[in-house]
Amino acid sequence: MAERRIRLAIVVSEFHRDITYLMEQKAVEHAQFLGCEVVRVVRVPGTFEVPLAVKKILERGDVDAVVCIGAVIKGETKHDEVVAHHAARKIMDLSLEYGRPVTLGIIGPGATRLQAQERIEEYARRAVEAAVKMVLRMRELEG
């Protein structure tokens, strides 16, 4: 019996759009390369808003996993740390609450703009790969 196709949603932060636009493109391309169906792409203002969109997507129940894309660039204060840490924590909490993989393709905190640009493809691809691998592992566990 053939495994059913993995259905993904991608949530993308629009803040630092020059970076996240490319990350979004790479994530969609890689998902398609891996044979996944990208059911929807949802864009939110910033990384801090990602968890709310993830929650709404998971409530619908029509995807196997959600890939989160964003870039939190270091500034003069510790704002980047607050945003990135709280977003990551809520993303993990939502994954556990709904029993579906929600992966973290968010660059930062502490990243410079140059470091973020250098990590565009790596973070996008790894977030998609983690989602696919976790869906397959969850299917194995469910029997």
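## Sheet

Ile10 has Val67 of β3 as its bridge partner. This is a predicted model. In total, 5 bridges join β1 to β3, and the two strands run parallel.

The open sheet holds 4 strands in the order β2-β1-β3-β4, with parallel pairing. β2 (37-44) and β4 are the edge strands, each pairing on one side only. On average, neighbouring strands are turned by 15° against each other, direction ignored.

## Helices on the sheet

α2 packs on the sheet and touches β1, β2, β3 and β4. The direction of α2 makes about 145° with that of β2. α3 also packs on the sheet, where it touches β3 and β4. Here the angle is about 165°, taken between the directions of α3 and β4.

## Helix α3

Helix α3 covers residues 79-98. Its 20 residues should span 28 Å at 1.5 Å a residue, and the end C-alpha atoms lie 29 Å apart, which agrees.

Which residues of α3 are buried? They are Asp80, Val83, Ala84, Ala87, Ile91, Leu94 and Ser95. These residues cover an arc of only 100° around the axis, so they sit on the same side of α3. An α-helix has 3.6 residues a turn, so residues three or four places apart point the same way. Leu96 and Glu97 are exposed on the other side of α3.

The buried residues of α3 pack against α2 (50-60), β3 (65-73) and β4 (102-111). Just after the helix comes Gly99, with a positive phi of about 65°.

## Nonpolar cores

The largest nonpolar core has 25 residues. Leu8, Ile19, Val67 and Ile69 touch the most other members. β1 (7-13), α1 (17-33), β3, β4 and α5 (120-142) each give two or more residues to this core. α5 gives the most, with 7 residues.

What does Val67 touch, leaving aside its neighbours within four places in sequence? Its contacts are Leu8, Ala9, Ile10, Val11, Thr103, Ala127, Val128 and Ala131. A second, separate core has 18 residues, including Val11, Val54, Ile91 and Ile106. In soluble globular proteins, nonpolar side chains tend to be buried together.

## Helix α5

The 23 residues of α5 should span 33 Å at 1.5 Å a residue. The end C-alpha atoms of α5 are 33 Å apart, which agrees.

Buried positions in α5 are Ile120, Ala124, Ala127, Val128, Ala131, Val132, Val135 and Arg139. The buried residues of α5 pack against β1, α1, β3, β4 and α4 (113-118).

## Glu24 in α1

Glu24 lies in helix α1. Is Glu24 buried or exposed? Glu24 counts as buried because its relative accessibility is 8%, and the cut-off for buried is under 20%.

Neighbours within four places in sequence aside, Glu24 is in contact with Val12, Arg17, Val41, Arg43 and Ile69. Of these, Ile69 is also one of the residues that touch the most other members of the largest nonpolar core.

Terms used. Residues numbered from 1 in each chain as written. Predicted model: local features only at pLDDT ≥ 70, side-chain atom pairs only at ≥ 80, totals over all residues. Heavy atoms only, no water. Expected span 1.5 Å × (residues − 1). Buried < 20%, exposed > 50% of the residue type's maximum accessible area, 1.4 Å probe, protein only. Arc of directions from axis to C-beta. Contact = heavy atoms within 4.5 Å. Core = buried A, V, L, I, M, F, W, Y, C linked by side-chain atoms within 4.5 Å. Pairing = 2+ DSSP bridges. Axes fitted to C-alpha atoms, helices over the stretch in contact; angles between N-to-C directions.
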